[in-house]
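Trainee: I am new to this structure. Can we walk through it together, one step at a time?

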Amino acid sequence: MIRRHPLGDAGQAFPIYITVVAGLLFLAFAYFAVGQAAATRNGAQTAADAAALAAAQDVRDQMYDGFLEAVEAEDAWEDWLGGNGLTDLDEAAACAEAADFAARNNSSANPCECSEDECSVGVRTEYTIGKSIVPGTESTHGEADATAVVEPRCRVENGDTDSIEFSCDGEDWIMDPDDLDTDTLPEVAELFSVYLSE
């Protein structure tokens, strides 16, 4: 016996098919929006990390210059080597470096705060997440912050001699303040490390 299906069955399945396809498209666009947001957030974090490191490196350079000046003047070079000599930090110069590196990543740096120990920078991307199915994303910027630490690598070996003696990560240095050889002076990275705090 041959059974015949009502002609309306195919017509009833079509709206269900359309609904399923529409739902899948919505999910695809939603995942795309999430991806856009994540990319914008990652871009902001990259800019914040670069800005904080740039600011901290400027602080490190200031400490290095102060150390060399103290050595030449036979002043309290031990304070500089230990990271305690920078009493007149040029924070504006350090934050200018942060702003420059943030701009290279299409972002702006604000706020920026530096001490002789660390620099903290917040950034906001100049670009937005962009248009998506999520309302408001076209005006939402990425924001992130980062902190970079400036840490002395050295310790004073003997402060009772006329020479400058210290050790940095196991490497010994002996300097005569009356006869400084600029070609054999330690590099700034050998005296101070700069890294992002966790």
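Predicted model: local features only at pLDDT ≥ 70, side-chain atom pairs only at ≥ 80, totals over all residues.

Trainee: Is T125 buried or exposed?

Mentor: The cut-off for buried is under 20% relative accessible area. T125 has a relative accessibility of 1%. T125 therefore counts as buried.

Trainee: How do β1 and β2 run, parallel or antiparallel?

Mentor: Strands of a sheet pair through backbone hydrogen bonds, in one of two senses. Here 6 bridges join β1 to β2. The two strands form a hairpin, with 3 residues between them. Their sense is antiparallel.

Trainee: How many bridges pair β2 with strand β3?

Mentor: Strand β3 covers residues 141–152, and its pairing with β2 is antiparallel. As an example, G122 stands opposite D145 in β3. The number of bridges is 8.

Trainee: What is the order of the strands in the open sheet?

Mentor: The sheet has 4 strands with antiparallel pairing. Its edge strands are β1 and β7 (192–196), and each pairs on one side only. The twist from one strand to the next averages 20°. The order is β1-β2-β3-β7.

Trainee: Which strands of the sheet does α3 touch?

Mentor: α3 packs on the sheet, and its direction makes about 155° with that of β1. The strands touched are β1 and β2.

Trainee: How many disulfides are there?

Mentor: A pair counts when the cysteine sulfur atoms are within 2.5 Å. With bonded cysteines counted along the chain, the pattern is 1-2, 3-4, 5-6. The count is 3.

Trainee: Which parts does the disulfide of C95 and C112 tie together?

Mentor: The S to S distance in this disulfide is 2.2 Å. C95 and C112 are 17 residues apart in sequence, so the bond ties together separate parts. Those parts are helix α3 (residues 91–104) and strand β1 (residues 107–114).

Trainee: Are C95 and C112 buried or exposed?

Mentor: Buried means under 20% relative accessible area. C95 has 16%. C112 has 18%. So C95 is buried, and C112 is buried.

Trainee: Why is the disulfide of C95 and C112 left-handed?

Mentor: Look at the torsion about the S-S bond. The disulfide is left-handed because that torsion is about -90°.

Trainee: Which residue stands opposite C114 in β2?

Mentor: C114 also has a disulfide partner, with the sulfur atoms 2.2 Å apart. The torsion about that S-S bond is about 120°, so the disulfide is right-handed. Both cysteines are buried. The residue opposite C114 is C119.

Trainee: Which strands hold C154 and C168?

Mentor: C154 and C168 form a disulfide, their sulfur atoms 1.9 Å apart. The torsion about the S-S bond is about 100°, so this disulfide is right-handed. The pair links distant parts of the chain, 14 residues apart. C154 lies in strand β4 (residues 154–158), and C168 in strand β5 (residues 164–168).

Terms used. Residues numbered from 1 in each chain as written. Heavy atoms only, no water. Buried < 20%, exposed > 50% of the residue type's maximum accessible area, 1.4 Å probe, protein only. Pairing = 2+ DSSP bridges. Axes fitted to C-alpha atoms, helices over the stretch in contact; angles between N-to-C directions. Contact = heavy atoms within 4.5 Å.
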